[in-house]
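Please have the model open in a viewer, with selection by residue number at hand.

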Amino acid sequence: MRWWSSLFPVRPSCWFCDQSIEQLFFASAWSKVCKECTVNLSPIHPPICEICFRPLDDDMNVCGDCLQISHRDRVQNVSAVSYTSKTKKVLARFKYLGDEGYAKYIGTIMCDTVEKHYSPIPFTLITSVPLHQNRIKERGFNQSQLLAEQIGKSLGLPAPSLLERIKASPPQANLGRNARIQSLRDCFGIQPDKMQLDFTSQTILLVDDVYTTGTTIRECAKILRHAGAQTVYAVTFAR
Amino acid sequence: MEFLSAFNKLAGRCLTICDMRQILDEKESGNIQHLLQAWEEEGVLKKEPAIKHSNWSIFRKCNKCGAGASDIAVSDCVHCSNKTCFYCRRCLFYGRVKSCTPLFSFLPTTEGKQDFLIHANLPLTAVLQHTSGNLKSLYERTTKHIHAVLIPGSGELLILLDFLIYLLHKKKRIFWCQEKKKIAKTMDQLTLLMPKLVKYIDSQDTTLVLGTKWDLLTYNQQFDLVIWDGLVPEACHAWERSMAEKGRQLVIRTTLSKWDRNDVVHPVRLHRYPIPIPKFVQYRNLRKHIKRNKPIHPFHIFVEEVQALNGQALILVPTKEEVEVTLKWLQTVMPEVANKTCSILVENEESEELRILFSEQKFMFMLMPQQLMEKMQIANLHLCLLHADHPTFDRKRLVELTHFIGLNAYFPECEVLFIGEMNTEMIVQTKKEHIYLNELAKKEGYLQKEA
């Protein structure tokens, strides 16, 4: 593509493939994704668990896993899409290959989900799940922070990085349920330069890319609650 | 010693530090900064940023793959703490490079590292020898590009191997560029034909390299010949960088080119029978007839012929949506044919199984979108292309589809039928190309006398 191509704009294409589609500027995020990708990404629809957003088959409001967690530790989560093979590919391109441009697309879809499910909640702050310094150096960016910044930009809220990872843990994608829970215990803390902030009146939205067992989200929420945050909600791209 | 052995591994390459660490052993990669400094002082190494950045977006360029401004994206960088650090989205799958990533180009060693010890004993017929001879003489005469047309089933691998061995004896370095999915097949064929040559390809020595065009990007002034086997050569600095000063390119195609010259044309298959010429049937309201489940007589005749010859047939349609519509039509109009038909919508494990079942004659017909069609080892295979006037079919694709038919010496005259609502220029050109190839083969005396 040469510079003069900009004089002859082509039809916009789907965010996650090269298929050209009809796009209206003010249309919702999903209208910018082609039908095939939408089906493959599989947006989550009710019935779902009220706490963790897991799709449910029966009339229960809360899933079995969430029932085992005490009321005090529960964190309400909403997710945009199911963790399908297409979602894995999209996240792999974003996280592991480092296509940071995907933060805009994924963030916009997550923002749509927040507006849809958390509309009455007056958030004051958006923050993200932190990565260990070694991982940031290796990857070059924190994917959750990029998503938080994108959501913050859309909702008009600040998206500072409040938390830090004290202990390096192995990649969660390779671990089982119990190993994940064990590996993330006492892993997070408030960043030293953010210690003096007053969290007491804050309603915080915590952003992450994938929700599997929810341990990461709960551990981060625990730290924020200890610091005095009024309420913590979570949003993830895939569940 | 370490200094020299490490350089020998990297000579003629263009790599990032991460790529280098994969090539060097643990001790060498631990000492890499020191080695790089020494090489730079010696002048055998050139360092440049992987992304050429500028405030003017049109001047931004990826030095690794040659991508222009449209593929360059901006990001915050934790490594250089720069708010505007650019990265290339085109070569993302082959390791991310950013403005702050240095790209190291190593000078190549002066000549081939080892004498080539293999002597060819290939089963070349007089026709194949003639084409190979043409390639050799052109290589000696031509300065930059050689364009060759070798049709499928013509013994193209034998021609190429004979040519390669000729060049390797002359201590030339060669990069054989293919599509990723084709490389494994080529290696299998080479293992059967010339296992010693496979050892050369597998060795760390870069006398002969078989790889993708992305692998080619990791070389610097290394090759005397780059073979673009079934690929379109990219005219950009990044790909030309891999060639030596007087390096040449051999472009191998399966169809004639209208725009480039065709230096060598090999118009006949190994069995030396003429290529089947596609028949075109104009059928008005074809799409409507299929939608309304009405019979289409030319298709009926085609099916009867295939059944009479006890053959198998591919029914191709332009898109996967058409597959569903055509399958419904078959089930209504010709249920007995639908029972013998398998259909593929997308490429997956199931489709691979269906292909195997089809090649084992478990099905008589196979319905699929044209883009999924690839070479099949089926003897008595016929082809019917519905909606041949669809805009997705260009001349090249139509010729390629026809070339898959009639490969077997026992069934060289299998039928190729195009059905469409109107006779397009593409269909006319396809027929003309086949007639031309057959006439050329006849004129050169390549065809069997009884054919």
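**Stop 1: the domains.** Keep in mind that this is a predicted model. Select residues 11–41 of chain A for domain 1, then 44–238 of chain A for domain 2. The C-alpha centres of the two selections are 25 Å apart.

**Stop 2: the interface.** Show the contacts between the selections: nine residues of domain 1 of chain A meet twelve residues of domain 2 of chain A. Together the two domains bury about 1,000 Å², and carbon and sulfur atoms carry 73% of that area. Now select Trp15(A), Phe16(A) and Leu41(A), which account for 62% of the area that domain 1 of chain A buries against domain 2 of chain A, more than any other three residues. Colour the domain 1 side of this contact by class: seven residues are nonpolar, two are polar and none is charged.

How many salt bridges are there between domain 1 and domain 2 of chain A? The count is zero. Polar contacts between these domains number three residue pairs, with both residues at pLDDT 80 or more.

**Stop 3: a ring pair.** Over all chains the structure holds 18 aromatic pairs. Select Tyr102(A) and Tyr105(A): their ring centres are 5.8 Å apart and their planes meet at 55°, so this pair counts as tilted; the edge-to-face class would need an angle over 60 degrees. Now show helix H4 of chain A, residues 102–117. Tyr102(A) and Tyr105(A) are about one helical turn apart because they lie three residues from each other in this helix.

Definitions and conventions: Residues are numbered from 1 along each chain as its sequence is written. Chains are lettered from A and ligands numbered from 1 in the order in which they are written. This is a predicted model: local features need pLDDT of at least 70, side-chain atom pairs count only at pLDDT 80 or more; totals for chains, interfaces and linings use all residues. Side-chain values use heavy atoms; hydrogens and water are left out. Domain bounds come from an automatic or database domain assignment. Contact means heavy atoms within 4.5 Å. Buried area is the accessible area (1.4 Å probe) that two parts lose on being put together, summed over both. A salt bridge is a side-chain nitrogen of Lys or Arg within 4 Å of a carboxyl oxygen of Asp or Glu. A polar contact is a pair of N or O atoms within 3.5 Å; within protein, one must be able to donate a hydrogen and the other to accept it, and residues adjacent in sequence count only if both atoms are side-chain atoms. Ala, Val, Leu, Ile, Met, Phe, Trp, Tyr, Cys and Pro count as nonpolar, Asp, Glu, Lys and Arg as charged, and the others, Gly among them, as polar. Rings of Phe, Tyr and Trp (its six-membered ring) pair if their centres lie within 6.5 Å; planes under 30 degrees apart count as stacked, over 60 as edge-to-face and the rest as tilted. Helices (H or I, at least four residues) and strands (E, at least two) are DSSP runs, numbered from the N terminus.
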